[in-house]
Amino acid sequence: MFLANTAKRHSLGKIKEGGEISPDNWVCKIGALDLYCYEYELNDVGETTSGLWLELVQHREGKKAQRAMFLTLREQRDNLYAVEMVRVDSKYQGFGLANRVYKKLMDKYGISMITDEYQTPGGQHIWCKLFETKGVQVHAIKGNGKRTPRVLHEVKLDDVSSRLQIEGADAWSEATSNRWSFIACSTKGIKA
């Protein structure tokens, strides 16, 4: 079991008004927080990567907004984004912000999200909570999502370990041969 060290406070800092956030990039409100989304392109050794940079902030009186969370999503294929990094200010941890942000993005933009190659225990926890989120479907695929998967595997929540499981496979092993990924999509607009 992993325990969070709550003795230390980690702040993601403040943002100056007119600085990094722009009203043109506003996505939605999540409680008292505002979500902003920016597209980015990264050129590295002849390879271009595109994705989304997201900021969740709480506006305050005065000139600075408190950064509650930021995350980066790397585009794997059309409308499929890998979660690369998620950071939540310690003051805002424990409120399920990552799940709510993922769900808003999937609903608003019609994108699907896939796990990145490496999952921290915190990332695994987010995907377990996402699995339990109403209006979200989570499946497993063999591979990293860069190619169209042939089969979507059913996923279940293991009662003992509180981890997502695939029948007959260890989706969370750290072995280099582990090629499982989880994909989440919104069920908004899907009729049964």
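Visitor: Which residue stands opposite cysteine 37 in E4?
Guide: Cysteine 37 stands opposite leucine 54 in E4. Strands here are DSSP runs (E, at least two residues), numbered from the N terminus, as are helices (H or I, at least four). This is a predicted model, in which local features need pLDDT of at least 70, side-chain atom pairs count only at pLDDT 80 or more, and totals for chains, interfaces and linings use all residues. Residues are numbered from 1 along each chain as its sequence is written, and side-chain values use heavy atoms, with hydrogens and water left out.

Visitor: How many bridges join E3 and E4?
Guide: E3 and strand E4 (residues 47-59) pair in the antiparallel sense over eleven bridges. Two strands are said to pair if DSSP finds at least two bridges between them. The hairpin of E3 and E4 has two residues between the strands, and valine 45 there takes a positive phi near 50 degrees.

Visitor: And what about E2 and E3?
Guide: Strand E2 (residues 26-30) pairs with strand E3 (residues 33-44) over four bridges, in the antiparallel sense. Tryptophan 26 stands opposite tyrosine 36 in E3. In this hairpin, which has two residues between the strands, glycine 31 has a positive phi near 65 degrees.

Visitor: Changing topic: is serine 186 buried or exposed?
Guide: Serine 186, found in strand E11 (residues 180-186), is buried, with a relative accessible area of 12%. Buried means under 20% relative accessible area, exposed over 50%, and partly exposed in between (1.4 Å probe, protein chains only).

Visitor: What does the side chain of serine 186 make a polar contact with?
Guide: The side chain of serine 186 makes a polar contact with the side chain of aspartate 107, at 2.3 Å. The serine 186 side chain also reaches the backbone nitrogen of lysine 188 at 3.0 Å. A polar contact is a pair of N or O atoms within 3.5 Å; within protein, one must be able to donate a hydrogen and the other to accept it, and residues adjacent in sequence count only if both atoms are side-chain atoms.
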